[in-house]
Amino acid sequence: HGHFHGCDIWTNFSYKGDDNPSHSHYGFLSGVIYHKNHNHETFFDDYGLKYEGFDGTMIMFPSDTLHHVKKQLLDEERITIAFNIICSDNSKKKNFLYQ
């Protein structure tokens, strides 16, 4: 148990005026590492929560969670690293969560 099929990872570079509309991801778990975020909040629509995204922190959430980032107002580059962890079959997802 606890073995995963693979993962996707990418870097986001955002600038003044950029946003990220509500979306979810493919996989089992998704996450964001806030490298240079300037406390630009990530909103988790399904839960009515937000996270300030302090530089040097990471957050993980179920991949099917709707989330978004509002328009960036600061004239500074925002850098985050996002990833998805993908299970090879759904039975592992259930076993991993409840063990």
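Let us start at the largest pocket, whose lining is made up of 15 residues, with Asn12, Asn20, Val32, Val69 and Thr80 nearest to the centre. The model you are looking at is a predicted one. The space in this pocket comes to about 190 Å³. Several strands share in building its lining: strand E1 (6-14), strand E2 (20-23), strand E3 (29-36), strand E7 (67-69) and strand E8 (78-86) each give at least two residues. Sorted by class, the lining of the largest pocket holds 8 polar residues, 5 nonpolar residues and 2 charged residues.

Now step back to take in the chain. It contains 8 strands and 1 helix. The chain has 99 residues, and 31% of them count as buried. Take the contacts between residues at least 6 apart in sequence: 75% of these join residues at least 24 apart.

Thr80 deserves a visit of its own. You will find Thr80 in strand E8, and Thr80 is one of the residues nearest the centre of the largest pocket. Is Thr80 buried or exposed? Its relative accessible area is 3%, and because the cut-off for buried is under 20%, Thr80 counts as buried. Who are its partners? Setting aside neighbours within four places in sequence, Thr80 touches Trp10, Thr11, Asn12, Val32, Ile33, Tyr34, His35 and Asn37. Among these partners, Asn12 and Val32 are also named with Thr80 as nearest the centre of the largest pocket.

Next comes a space of another kind. Rolling a probe the size of a water molecule over the atoms shows where empty space is left. How many cavities of 30 Å³ or more does a search of the whole structure find? The search finds 1, and the largest cavity holds about 30 Å³ of space. Around the largest cavity stand Ser14, Asp18, Asp19, Asn20, His40, Val69, Lys70, Gln72 and Arg78. By class, this lining divides into 4 charged, 4 polar and 1 nonpolar. Asn20 and Val69 line the largest cavity, and both are also among the residues nearest the centre of the largest pocket.

Our last stop is the salt bridges, of which the count is 2. In one of them, the side chains of Lys36 and Glu77 come together, with 3.8 Å from N to O. This pair ties distant parts of the chain: Lys36 belongs to strand E3 and Glu77 to the loop between E7 and E8, and the two are 41 residues apart. Lys36 is partly exposed, at 34% relative accessibility, and Glu77 is partly exposed too, at 25%.

The other salt bridge joins Lys50 and Glu41, with 3.3 Å between the closest N and O atoms. Lys50 has a relative accessibility of 47% and counts as partly exposed. Glu41, with a relative accessible area of 24%, is partly exposed as well.

Notes
Residues are numbered from 1 along each chain as its sequence is written. This is a predicted model: local features need pLDDT of at least 70, side-chain atom pairs count only at pLDDT 80 or more; totals for chains, interfaces and linings use all residues. Side-chain values use heavy atoms; hydrogens and water are left out. On a 1 Å grid over the protein atoms alone, a cavity is a set of points where a 1.4 Å probe fits but cannot get out, and a pocket is an open set with protein on both sides within 12 Å along at least five of seven lines; lining residues have an atom within 4 Å of a point. Grid points are joined across faces, edges and corners, and a volume is the space filled by probe spheres set on the points. Helices (H or I, at least four residues) and strands (E, at least two) are DSSP runs, numbered from the N terminus. Ala, Val, Leu, Ile, Met, Phe, Trp, Tyr, Cys and Pro count as nonpolar, Asp, Glu, Lys and Arg as charged, and the others, Gly among them, as polar. Buried means under 20% relative accessible area, exposed over 50%, partly exposed in between (1.4 Å probe, protein chains only). Contact means heavy atoms within 4.5 Å. A salt bridge is a side-chain nitrogen of Lys or Arg within 4 Å of a carboxyl oxygen of Asp or Glu.
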